[in-house]
Amino acid sequence: MKPLPSVSGDLRSRAQQLAKKLQTQLPEQRWRRWAGAGLLLLVVVTGSTLMLRKRSIEAYVTADVITIESPIDGVVSKEEITAGQLFKPGETVIAINAARDNAEQLAEKEQELSDLEAEMSTLKDELRTYETIHLKRLQADVGQQERTLKDLEAQLKRYSEQTSNYERLVKAGAISDDRLLEARSMRDSLRQRVNNQVQLISQLKVELEATQASPRGGLGAISSSSRRMEMMEVQLVRILSRTKELQKQQLVLERQLKTAQAQAHFTYRPRFPGVVLTSRYSVGDEVTDGSTLLSVVNCNDLRVEALFEASKVKDLHIGQKVRIRWPRQWGTTPGAIVSFRGEQGVNGLETSGVAKFRPAHADRTRVLISIPRSAQNSQECRLGERVSIDI
């Protein structure tokens, strides 16, 4: 008869197997408990962050819209940029030629100015001729007066010697005092004439030097020589007078021509890069003074208009930095708060260049945010593009 197995030994064996199994499973269960706790903590932190973060409800890229009006009556001659297209600084967007009346007025003023300039050119040629004559006469006059001075100096020398001889003869009693007095009178008169002649020659030389050095070719010297009437012929006076008259007329005509040119042509070349929003006329269309031609946006002055819950912007301030998230682009762009407004547009109206938000029965605030110039260029002036704002 076989012996029965020991019950106590069987139980002991099973207990040992269970103990070994628990020893292998316990670390794995502890790791699972720790992983579960960490995941729960991450969910709690992330949820809290999302609840506390201030994110815009809606936000759009906007800018001021510039309306361009025609300053003249005319016809559209060029329209190189149409609605929706970008333009560069200095690029012609639209050009207008004036109506027939303004064009005829411009042609008339241009012809008048051309005739006036032709007459002034003729007068200048005549003046150059008289300036040459005047210069040669001055040179001849200086030479003649210098010769006269030499003759007077010779006479003065002769009468001075004669006066000295008469003084010796009077002392010797050979001649009377009357002849000595007469010689002295002639000597003194000649001395005065010599002094006057020296002054005259000096003045003539100054005038000659001024004429030669004048950048106007001697015109100033001629006009200032009124004391020398022999040099101021009637014809020369007429030329000088007519030249001054034409110079005044030229100034008037140039102002009139500038006005006529402004009324005859209009070309819109903005100094900034931008985009044409709307265009109301095409090449060949007639326009009137004051009619709206097109509307454009300055791409150097973009901004973002964002809508926030009013409770989330109570502690914000002007100049505070924000982050702009662009669609289809990794990363963010820094921005700065410029102003706070009500939810509606300016004066309660939705105006051009102002973002339009979906209405809702809630207390919300419109926040205006500036965009750095570098970010504006990178966004290629995508007006109306929806973005998001994080604060």
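Leaving aside neighbours within four places in sequence, which residues is valine 387 in contact with? In this predicted model, valine 387 touches Ala59, Tyr60, Val61, Val304, Ile324, Arg325, Trp326 and Pro327, once its neighbours within four places in sequence are set aside. Valine 387 is also among the residues with the most contacts inside the largest nonpolar core, which has 23 residues.

**Nonpolar cores**

- Besides Val387, the residues with the most contacts inside the 23-residue core are Leu302, Val304, Ile324, Ile369, Ile371 and Ile389.
- At least two residues of this core come from each of strand S1 (58–62), S10, strand S11 (321–325) and strand S13 (364–370), and S10 supplies the largest share, with 3 residues.

- Six strands, in the order S1-S10-S13-S12-S11-S14, make up an open sheet whose pairing is antiparallel.
- The edges of the sheet are held by S1 and strand S14 (388–390), each of which has a single partner strand, so one side of each is left without a neighbour in the sheet.
- On average, neighbouring strands of this sheet are turned by 40° against each other, direction ignored.
- Within the sheet, strand S12 (residues 332–341) pairs with S13 through 5 bridges in the antiparallel sense, and alanine 336 stands opposite serine 370 in S13.

**Alanine 306 in strand S10**

- Alanine 306 belongs to strand S10 (residues 303–309) and, with a relative accessibility of 0%, counts as buried.
- Apart from neighbours within four places in sequence, the contacts of alanine 306 are Ser56, Glu58, Ala59, Phe357, Thr365, Arg366, Val367, Ile369 and Ile389.
- Although alanine 306 and valine 61 are 245 residues apart along the chain, their C-alpha atoms are separated by 8.8 Å.

**Other strand pairings**

- An open sheet of 4 strands has the order S2-S9-S7-S4, again with antiparallel pairing; strand S2 (65–69) and strand S4 (86–87) stand at its edges with a single partner strand each, so one side of each has no neighbour in the sheet.
- In that sheet, strand S7 (residues 274–279) and strand S9 (residues 292–298) run antiparallel and are joined by 5 bridges, with valine 276 having valine 296 in S9 as its bridge partner.
- Strand S5 (residues 94–98) is mostly covered, since 4 of its 5 residues are buried.
- S5 runs antiparallel to strand S3 (residues 74–78), to which 4 bridges join it, and valine 76 has isoleucine 96 in S5 as its bridge partner.
- S5 is likewise joined by 4 bridges to strand S6 (residues 265–268), again running antiparallel, and here alanine 95 has threonine 267 in S6 as its bridge partner.

**Glutamine 197 in helix H3**

- Glutamine 197 is part of helix H3 (residues 177–213), and its relative accessibility of 9% places it among residues that count as buried.
- When neighbours within four places in sequence are left aside, glutamine 197 is in contact with Gln145, Thr148, Leu149 and Leu152.

**Salt bridges**

- The whole structure contains 11 salt bridges, one of which joins aspartate 64 to arginine 303, with the closest N and O atoms 3.1 Å apart.
- Because aspartate 64 lies in the loop between S1 and S2 while arginine 303 lies in strand S10, this pair ties together parts that are 239 residues apart in sequence.
- Aspartate 64 is partly exposed, at a relative accessible area of 43%, whereas arginine 303 is buried, at 12%.
- Asp64 and Arg303 also belong to a network of salt bridges that links them with Glu305 and Arg366.
- Arginine 242 and glutamate 119 meet through their side chains in a salt bridge of 2.7 Å, N to O; arginine 242 lies in helix H5 (residues 234–264) and glutamate 119 in helix H2 (residues 100–172), so parts 123 residues apart in sequence are tied together.
- Arginine 242 is partly exposed, with a relative accessible area of 22%, and glutamate 119 is partly exposed as well, at 30%.
- A salt bridge also joins arginine 184 to glutamate 167, whose closest N and O atoms are 3.1 Å apart; with arginine 184 in helix H3 and glutamate 167 in helix H2, the pair ties together parts that are 17 residues apart in sequence.
- Arginine 184 counts as partly exposed at 31% relative accessibility, and glutamate 167 is partly exposed with a relative accessible area of 29%.

Methods. Residues are numbered from 1 along each chain as its sequence is written. This is a predicted model: local features need pLDDT of at least 70, side-chain atom pairs count only at pLDDT 80 or more; totals for chains, interfaces and linings use all residues. Side-chain values use heavy atoms; hydrogens and water are left out. Buried means under 20% relative accessible area, exposed over 50%, partly exposed in between (1.4 Å probe, protein chains only). Contact means heavy atoms within 4.5 Å. Two strands pair if DSSP finds at least two bridges between them. A nonpolar core is a set of buried Ala, Val, Leu, Ile, Met, Phe, Trp, Tyr and Cys residues joined through side-chain atoms within 4.5 Å. Axes are lines fitted to C-alpha atoms, for helices over the stretch in contact, and angles run from 0 to 180 degrees between N-to-C directions. A salt bridge is a side-chain nitrogen of Lys or Arg within 4 Å of a carboxyl oxygen of Asp or Glu.
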